[in-house]
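Work through the exercises below with the model open. Each task is followed by a solution in steps.

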Amino acid sequence: MTYSYSANLVTALQASKGAMCAPINVCPPQTNTASLGNRVWIDANGNGIQDAGEAGRAGVRVELYAVNGNNTVGALLGVQRTDAHGNYSFNNLRPGSYTVKFVAPGGTVLANVNGGSSDATDSDANPDTGFTGIYTLKAGERNTSVDAGLIDPSTCSVIRPDSVG
């Protein structure tokens, strides 16, 4: 016997098993959830922008945090590792405000934040803290612009905007 989600599911199960069946809670699938993610890449020229041919970086730790009502970092909600192409995604999020933290692997540093004019291709992580800005997601929203560039200082010069005279 197959049942779909319905208010009568518990009653039908109890009837088929007799009085020995305990009530169960059946939760319908989440709807109107949001997602947030994108990519971590090797910023070969150190410009903070995803240029053609710059490869993704696998295995980078990416952390998702709630943002409190006073715009401060709240609880750690989840941790992902980037896949073989540098991609990651936090799915089934409730509408609300979030921030992401990128943890640069040993031997690398984060690229300059917002180095370009396109949010889809520039690095969003603060190079000193690893945190991005705040993203407020609505029901059903899919934000695929939260990314970070990584620089290997042994092969690329790192010039921070605040150090240029």
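**Exercise 1.** Identify the cluster into which ring pairs link Tyr 88.

Solution. Ring pairs join Tyr 88, Phe 90 and Phe 102 in a cluster. Rings of Phe, Tyr and Trp (its six-membered ring) pair if their centres lie within 6.5 Å; planes under 30 degrees apart are stacked, over 60 edge-to-face, and the rest tilted. The model is predicted: local features need pLDDT of at least 70, side-chain atom pairs count only at pLDDT 80 or more, and totals for chains, interfaces and linings use all residues. Residues are numbered from 1 along each chain as its sequence is written, and side-chain values use heavy atoms, leaving out hydrogens and water.

**Exercise 2.** State how many aromatic pairs the structure holds, and classify the pair of Tyr 65 and Phe 131.

Solution. There are 3 aromatic pairs. Tyr 65 and Phe 131 lie 5.4 Å apart centre to centre with 55° between the planes, so the pair is tilted. Tyr 65 sits in strand β2 (residues 61–67) and Phe 131 in the loop between β6 (109–110) and β7 (135–137), 66 residues apart; strands are DSSP runs (E, at least two residues), numbered from the N terminus. Tyr 65 has a relative accessible area of 13%, so the residue is buried (under 20%; exposed is over 50%, partly exposed in between; 1.4 Å probe, protein chains only).

**Exercise 3.** Classify the pair of Tyr 88 and Phe 90.

Solution. The centres are 5.8 Å apart and the planes of Tyr 88 and Phe 90 make 70°, which is edge-to-face. Both Tyr 88 and Phe 90 are buried.

Definitions and conventions: Helix = DSSP H or I, 4+ residues; strand = E, 2+ residues; numbered from the N terminus.
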